[in-house]
Amino acid sequence: MISARGDWPENAPFAVFLSHDIDQIHDRELFRILADLNHIRRILRQGEPGNLRLAGARVLRSLFKPKQTGDDVRTILEIEARYGFPSTFFILHDPYWSRHGPRYRLGSPGLRRIVQMVSEAGGELGVHGGYYRFNDPAGYRESREMVGETFGVEVQGIRNHLLRFSFPETWLAQEAAGFRYDATFGWPDRPGARDDRFFPFRPVDPATGRELDLTVLPLTVMDGTLFRHLRSSGRDALELAWAAIEPVIERGGLVSLLWHNNYFDEPEYRDWQWVYEQLLERLAALRPWCATGAAIDDWVRAQGMPTIGASADSG
Ligand SMILES: [Zn+2]
């Protein structure tokens, strides 16, 4: 059992898993600009939090002087490198011209540059499970193989787009598709460990009692939960996140963060990045073991633990 402090590698008091879902990479992209215009409309009509001037500047910039693709990922990697923290990037694979699809193609030169940067930094590539493949083993498998073949890697992990999840179908489909770990399990609309899952664990199929060959790395905090769902900002958002993280640290568990790449280097979303930087600084001061999802899964499996940290009995 990973059940107490000191069970992580390097005698670390707890573990950290940093991850990024890549939904979009291009500054000048039709859906992106439409989404920004919608954002402006909602600021005006529905009181959505936002800064009109900066939102407008963002639209103009994307039209006339778009950012270089990958600059946001470079910023993420620089922030993480301050502490020697590696991270995992989940790549979305689904039809491009679809409402909930990726805003880039797998063959895009920009994505290739991003993957190059990530691999040079010792990061990991996973699959961001597509909206239109939800709980579909064949669809998930195709994504795993496509991402793997395109970038010459063996893909181990998946996290579903929009954290879409149903029990036990999602995990059964991911396992059948050949994934070794899932990082989907979490609440989109509130921070903190879902079902008090503070540790990686292995799910059981309720119909058969069979333990799945899939490690679940539960989510602790996602950026959108703080800033979109809870409409928090600045220092309040930081403290909300930290309040969700502290119970995991106290139990010596796995702190798992999800921050989207496209909110980095963005004046309107400056505090999204600021909160991430502050969290990493605080976490680093406590000397955790920070590893990619794949490395955490490898380590957990190497412990030979079929059932891990049933949270409640592990505090
Ligand atoms: Zn997504």
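Helices and strands here are DSSP runs, numbered from the N terminus: a helix is H or I over at least four residues, and a strand is E over at least two. Under that scheme A35 sits in helix α1. Before going on, two points about the source. This is a predicted model, in which local features need pLDDT of at least 70 and side-chain atom pairs count only at pLDDT 80 or more, while totals for chains, interfaces and linings use all residues. Residues are numbered from 1 along each chain as its sequence is written, and side-chain values use heavy atoms, with hydrogens and water left out.

Back to A35. Its relative accessibility is 39%, so A35 counts as partly exposed; the scale is buried under 20% relative accessible area, exposed over 50%, and partly exposed in between, with a 1.4 Å probe and protein chains only. A35 and L279 are 244 residues apart along the chain, and 28 Å separates their C-alpha atoms.

E29 is in the loop between β1 and α1. With a relative accessible area of 6%, E29 is buried. Leaving aside neighbours within four places in sequence, E29 is in contact with Y96 and R103, where contact means heavy atoms within 4.5 Å.

Now the metal. Which protein donors does the zinc ion have? They are D23 through OD, H128 through NE2 and H161 through ND1, at 2.1 to 2.2 Å from the ion. Donors are N, O and S atoms within 2.8 Å of the metal, or 3.2 Å for Na, K and Ca; water is not among the atoms, so sites may look incomplete. Along the chain the donor spacing reads D-x104-H-x32-H. D23 lies in the loop between β1 (15–22) and α1 (30–46), and H161 in the loop between β4 (157–160) and α6, so this pair ties together parts that are 138 residues apart in sequence. D23 is buried at 15% relative accessible area, and H161 is buried at 8%.

Next, helix packing. Two packed helices are described by the angle between their axes and the distance between the axes. Axes are lines fitted to C-alpha atoms, for helices over the stretch in contact, and angles run from 0 to 180 degrees between N-to-C directions.

P137, Y140 and R141 in α5 meet T170, A173, Q174 and A176 in α6.

Which residues of α6 are buried? T170, W171, A173, Q174 and E175 are. Their cover includes α5, β4, β5 (181–182) and β6 (215–216). Just after α6, G178 takes a positive phi of about 95°.

The second pair is α8 (residues 234–250) and α9 (residues 270–285), at an angle of about 35° and with axes 10 Å apart.
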